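Please read the numbered points below with the sequence and the model open beside you. They begin with a term that will be needed for the helices, and then go through the architecture step by step.

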Protein chains: 2
Amino acid sequence: MPVNKPGARNGANPRKAAARAEQAGPAAREMPMREFSRSLPMALLRAREAVMRHFRASLRKHGLTEQQWRILRALGGVETIEVTELARSAYLLGPSLSRILRDLEQRGLIERRSVKTDLRRGLVSISARGLSLIEAVAPSSEAIYAEMTRRYGAERLAALHEMLSALEASLADMPLPGNGHLNDEDDASL
Amino acid sequence: MPVNKPGARNGANPRKAAARAEQAGPAAREMPMREFSRSLPMALLRAREAVMRHFRASLRKHGLTEQQWRILRALGGVETIEVTELARSAYLLGPSLSRILRDLEQRGLIERRSVKTDLRRGLVSISARGLSLIEAVAPSSEAIYAEMTRRYGAERLAALHEMLSALEASLADMPLPGNGHLNDEDDASL
DNA sequence: AGATTTCATTTAACATGTTAATCATATTCC
DNA sequence: GGAATATGATTAACATGTTAAATGAAATCT
């Protein structure tokens with residue numbers, strides 16, 4: 001999975017150190033950008049990691065990574081699903097999904113076949129073994145979720161979900177930088 | 001950095017497909033868990049990706065990855081910093097940081113030495129070349145940020161930051177699952 | 001002082017993220 | 001109906017995430 005858990009070995013709150021490092025002391029440099037700690041991607045990353053680290057241990061006991069678990073959960077909700085749609089559903093890129101499906105198939109957790117009318121398309125479904133694994137993992141996962149909801153507050157959690165959705169929506173139609181002629185290739189050599 | 005951009009090739013909103021795949025149709029399966037789309041880690045991941053994809057192209061033009069940029073930014077705010085503190089500041093794990101610092105040093109973007117009184121500790125600072133690279137990247141980065149703020153709303157953005165911080169705080173002292181005797185090793189063979 | 005332990009960093013090994021390229025099958029165009 | 005094109009999936013290549021182990025140096029113990 002794609003998230004980090006820095007500072008865990010030191011047991012300290014990463015935010016404290018970050019703020020300290022940024023605090024413009026006498027010898028601090030002039031920053032041409034906003035302070036680091038205000039970075040939205042960083043805030044989202046840290047929040048996600050704060051959540052995920054609680055699930056990782058549980059998943060690990062069952063020999064699953066976060067992405068593998070996302071796939072199983074997505075498969076648990078349908079009879080069969082095409083690979084492309086599964087990629088969207090589990091929010092994975094094609095290459096990652098290909099690798100993971102290969103592994104999950106070898107472990108007997110999923111089954112694959114192809115669409116008769118279009119041999120390019122692959123169909124994926126969960127196996128009985130995969131289903132029982134879901135049932136084995138789900139309880140502790142739900143328990144962790146419940147405790148998080150209790151601590152953070154159900155309403156606050158719902159509001160956060162709403163704000164995150166709204167953020168996605170706000171940026172969905174924002175044009176990406178033009179990817180111009182790449183004439184800045186000089187910088188790449190730095 | 002660690003985030004994905006699935007469905008980009010199809011240009012569709014991932015949420016639509018996800019919701020569709022989850023929508024319990026007649027043949028849908030009974031789910032022992034909450035619906036996929038309500039997963040908080042997924043929501044944070046998608047939001048983060050919605051933000052990051054706008055920065056990736058700009059960084060790429062300058063030959064930087066998201067993590068390399070986080071490190072340069074962190075270094076830009078201080079004269080020197082120890083490796084451990086840099087890891088916290090840039091929110092990277094030690095191994096990732098080691099690899100990236102090696103690369104950035106080879107590219108002449110940073111400089112390294114060790115603490116005289118404790119040869120275990122490494123000191124890192126940004127080079128003149130690294131500083132000019134920051135100055136080259138910062139404007140477009142700030143412009144993207146400004147446009148995002150305009151679209152989402154400055155107040156809403158501040159509220160989101162606050163809620164993310166609160167989430168981190170809420171979960172900071174939540175006990176991690178006991179990592180018991182690992183007697184469930186059977187499941188790992190699935 | 002020498003052995004043990006702790007600490008900072010790096011290396012190793014494997015899984016995933018990310019982009020580009022490849023491969024096979026379908027579709028379209030002429 | 002065969003060449004060109006488009007599409008779904010995989011593979012390739014490189015960077016990072018993640019955990020465990022190794023390395024080197026400092027602190028502690030006796």
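1. The axes themselves are lines fitted to C-alpha atoms, for helices over the stretch in contact, and the angles run from 0 to 180 degrees between N-to-C directions.

2. Please keep in mind that this is a predicted model, in which local features need pLDDT of at least 70 and side-chain atom pairs count only at pLDDT 80 or more, while totals for chains, interfaces and linings use all residues. Residues are numbered from 1 along each chain as its sequence is written, chains are lettered from A and ligands numbered from 1 in the order in which they are written, and side-chain values use heavy atoms, leaving out hydrogens and water.

3. Chain A contains 8 helices and 3 strands, where helices (H or I, at least four residues) and strands (E, at least two) are DSSP runs numbered from the N terminus. Along the sequence these elements follow the pattern α-α-α-β-α-α-β-β-α-α-α. Of the 190 residues of chain A, 49% count as buried, a word that means under 20% relative accessible area, with exposed meaning over 50% and partly exposed in between (1.4 Å probe, protein chains only).

4. How do helices α6 and α7 of chain A cross? The axes of α6 (residues 128–152) and α7 (residues 154–172) of chain A come within 6 Å and cross at roughly 100°, and α6(A) and α7(A) are therefore roughly perpendicular to each other. Their contact (heavy atoms within 4.5 Å) is made by A:Y145, A:T149 and A:Y152 of α6(A) together with A:A154, A:R156, A:L157, A:L160 and A:H161 of α7(A).

5. Helix α6 of chain A also holds A:A138, which is buried, with a relative accessible area of 3%. The C-alpha atoms of A:A138 and A:R73 are separated by 9.3 Å, although these residues lie 65 residues apart along the chain.

6. The 3 strands of chain A form an open sheet in the order β1-β3-β2 with antiparallel pairing, two strands being counted as paired if DSSP finds at least two bridges between them. The edge strands are β1 (81–82) and β2 (110–115) of chain A, each of which pairs on one side only. Helix α5 (residues 94–106) of chain A packs on this sheet, where it touches β2 and β3 of chain A, and its direction makes about 120° with that of β2(A).

7. In chain A, 6 bridges join β2(A) to the antiparallel strand β3 (residues 118–126), and a hairpin connects β2(A) to β3(A) through 2 residues. Within this pair, A:R112 has A:V124 as its bridge partner in β3(A), and A:I110 stands opposite A:I126.

8. Chain B also has an open sheet of 3 strands, in the order β1-β3-β2 and with antiparallel pairing. Its edges are β1 (81–82) and β2 (110–115) of chain B, each with a single partner strand, so one side of each is left without a neighbour in the sheet. Helix α3 of chain B packs on this sheet, touching β1, β2 and β3 of chain B, and its direction makes about 95° with that of β3(B).

9. Is helix α3 of chain B enclosed or exposed? In α3 (residues 66–76) of chain B, 11 of the 11 residues are buried, so this helix is largely enclosed by the rest of the structure; among them are B:W69, B:I71 and B:L72.

Terms used:
Parallel < 35°, antiparallel > 145°, perpendicular 65-115°, else oblique.
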